[in-house]
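Q: I am new to this structure and would like to be guided through it. Could you begin with the terms that are needed?

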Amino acid sequence: MSLEGTSIEYDKLTFKDNASPLTFKKVTHKLPVSKDEIAVKVTAAGLNPVDLGIYYTFHPWVSCLFPSYRTLGRDYSGTVVQVGSDLQNQYYVGDKVFGYVPTLSTGTLAQYLFLKPKTKHDASIVRVDSSVTDEKLVDFAGIPLVFLTTVQSLSVAPLSDKSRVVIIGGSTSLGWTAIQLLLNHYKVKPENLVSVNGSRSNSFVQELGVLQQNTINYDQVDSLQNPVLEKAKDGKFDLILDAAGNSDLFDHIKEILKSKEENGHYVTLVGDHKPVYASSLLARFPSSFASFKRFIYWNLIGGGPIHYQFRNVHASKKDIDLAYRLYKEGNYKVIVDSIYRSEEVTEAYKRLESNQARGKVIVKF
Ligand SMILES: NC(=O)c1ccc[n+]([C@@H]2O[C@H](COP(=O)([O-])OP(=O)(O)OC[C@H]3O[C@@H](n4cnc5c(N)ncnc54)[C@H](OP(=O)(O)O)[C@@H]3O)[C@@H](O)[C@H]2O)c1
């Protein structure tokens with residue numbers, strides 16, 4: 001399977017503003033690809049909450065200021081169908097790949113992607129074994145963004161088999177990725193890992209290795225403070241990873257988390273509050289701003305008792321290679337909530353927006 005001809009016309013998801021629907025638009029790309037480029041026929045694209053934040057940010061009046069069509073999607077899997085002359089010995093037609101692109105300008109919800117793997121922007125790409133079936137390749141589109149975010153967040157703390165960790169949002173995609181990495185890669189002991197999740201997700205996190213007595217149900221308590229303080233009686237924690245958005249623990253953080261000197265780290269990926277997925281990134285700003293202020297005061301000015309960070313994902317070839325290595329070793333699996341056909345992309349985003357998806361929502365082409 002390779003591309004022929006002097007150009008290719010293909011479908012790419014576009015939207016103008018959040019009052020207009022998501023539609024596939026025909027776009028063209030000149031062939032052959034440039035010497036530093038590969039063409040990938042997309043098998044599937046994974047959806048992420050950030051896509052919804054971007055979609056809802058483009059209110060019609062915002063779009064008036066920045067008039068153009070926009071795209072969505074950062075995760076992809078697919079098959080290489082043309083290789084530029086400079087990359088002939090690194091990629092081959094027929095290679096199966098998955099990867100991450102950090103910006104909107106690419107938009108992985110498209111039938112084809114044209115990538116420059118030597119650039120930092122497109123370098124987070126992994127070639128998988130040829131034995132991976134097309135059906136399995138669909139699942140790989142669920143790996144990149146959540147894996148990169150999680151591994152980059154966990155790397156801020158010096159974790160070992162003695163570490164004690166709380167994950168707020170254990171059943172989010174970031175959360176179930178963190179549970180697997182902590183237990184299987186960092187060898188954290190199950191008795192030292194606490195998951196905060198909804199009561200409907202207890203068996204889900206327990207199947208990943210969280211102990212029944214170490215699940216705290218956010219929907220059964222007014223605040224996480226007392227249940228986490230109770231758990232801290234067995235020893236203060238080394239890391240709190242917030243993958244949901246919460247601020248319940250700060251009043252008693254010194255009793256819960258090890259101090260700065262003892263390398264206690266609090267990492268949030270969301271901010272102080274659980275966001276509504278169907279909201280603009282601007283609406284989420286106050287929650288992020290509270291985090292940002294804490295980061296400035298606690299870390300940069302040095303006034304806080306612990307290390308505190310608001311992390312954001314970045315592209316990394318090394319980290320995405322680790323995802324595939326752990327996958328092959330059986331130490332990490334991607335959990336898929338649902339797979340939609342490209343014609344059903346609106347329904348797919350509705351599923352993500354429901355905040356009930358347990359696992360990745362994927363669109364296949
Ligand atoms: N900073 C970054 O670079 C970065 C990167 C990726 C994602 N994020 C953010 O991280 C968050 C999680 O993303 P994701 O893709 O992992 O999420 P996700 O997979 O869409 O999470 C869905 C899960 O959230 C759980 N949930 C709903 N309300 C909750 C609450 N109040 N507390 C804890 N869990 C709750 C639900 O399960 P239960 O209710 O059954 O537990 C549901 O299964 C999002 O806000 C996203 O925007 C940030």
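A: Angles under 35 degrees count as roughly parallel, over 145 as roughly antiparallel, 65 to 115 as roughly perpendicular and the rest as oblique. Axes are lines fitted to C-alpha atoms, for helices over the stretch in contact, and the angles run from 0 to 180 degrees between N-to-C directions. Helices (H or I, at least four residues) and strands (E, at least two) are DSSP runs, numbered from the N terminus. This is a predicted model, in which local features need pLDDT of at least 70 and side-chain atom pairs count only at pLDDT 80 or more, while totals for chains, interfaces and linings use all residues. Residues are numbered from 1 along each chain as its sequence is written.

Q: At what angle do α4 and α10 pack?
A: Helix α4 and helix α10 (residues 317-329) pack at an angle of about 105°, with their axes 9 Å apart. The two helices α4 and α10 are therefore roughly perpendicular to each other.

Q: Which residues make that contact?
A: From α4 come Pro-144, Phe-147, Leu-148, Val-151 and Gln-152, and from α10 come Asp-319, Ile-320, Leu-322 and Ala-323. Two residues are in contact if their C-beta atoms, placed from the backbone, lie within 7 Å. The contact of α4 with α10 divides into seven nonpolar residues, one polar and one charged. Here Ala, Val, Leu, Ile, Met, Phe, Trp, Tyr, Cys and Pro count as nonpolar, Asp, Glu, Lys and Arg as charged, and the others, Gly among them, as polar.

Q: And how do α4 and α5 pack?
A: Their axes are 9 Å apart and the angle is about 55°. Helices α4 and α5 are therefore oblique to each other. The contact involves Val-146, Phe-147, Thr-149, Thr-150, Val-151 and Leu-154 of α4, together with Ser-173, Leu-174, Thr-177, Ala-178 and Leu-181 of α5. By class, the contact of α4 with α5 has seven nonpolar, four polar and no charged residues.

Q: Changing topic, which residues come nearest to the ligand?
A: Of the 30 residues around the ligand, Thr-172, Ser-173, Gly-198, Ser-201 and Ala-244 come nearest. Elements giving two or more residues to this shell are α1 (49-57), α4 (144-154) and α5 (173-185). A residue counts as near a molecule or strand if its C-beta atom, placed from the backbone, lies within 6 Å of it.

Q: Which element gives the most to the shell?
A: That is α4, with three residues. By class, the shell has 13 nonpolar, 13 polar and four charged residues.

Q: Into which domains is the protein chain divided?
A: The chain is divided into domain 1 (7-143 + 336-364) and domain 2 (146-310); such bounds come from an automatic or database domain assignment. The shell around the ligand draws at least three residues from each of these domains. The domain centres, taken over C-alpha atoms, are separated by 30 Å.

Q: How many residues of each domain are in contact?
A: Domain 1 has 16 residues in contact with 13 residues of domain 2. On the side of domain 1 that touches domain 2, α1 gives the largest share, six residues. That side divides into seven nonpolar, six polar and three charged residues.

Q: Where is Pro-32, and what kind of peptide bond joins it to Leu-31?
A: Pro-32 is in the loop between β2 (23-30) and β3 (38-46). A cis peptide bond joins Leu-31 and Pro-32, with omega about -5°. Most residues other than glycine have a negative phi, and most peptide bonds are trans.

Q: What is the phi of Lys-187?
A: Lys-187 has a positive phi of about 60°, although it is not a glycine. Lys-187 is found in the loop between α5 and β9 (193-197).
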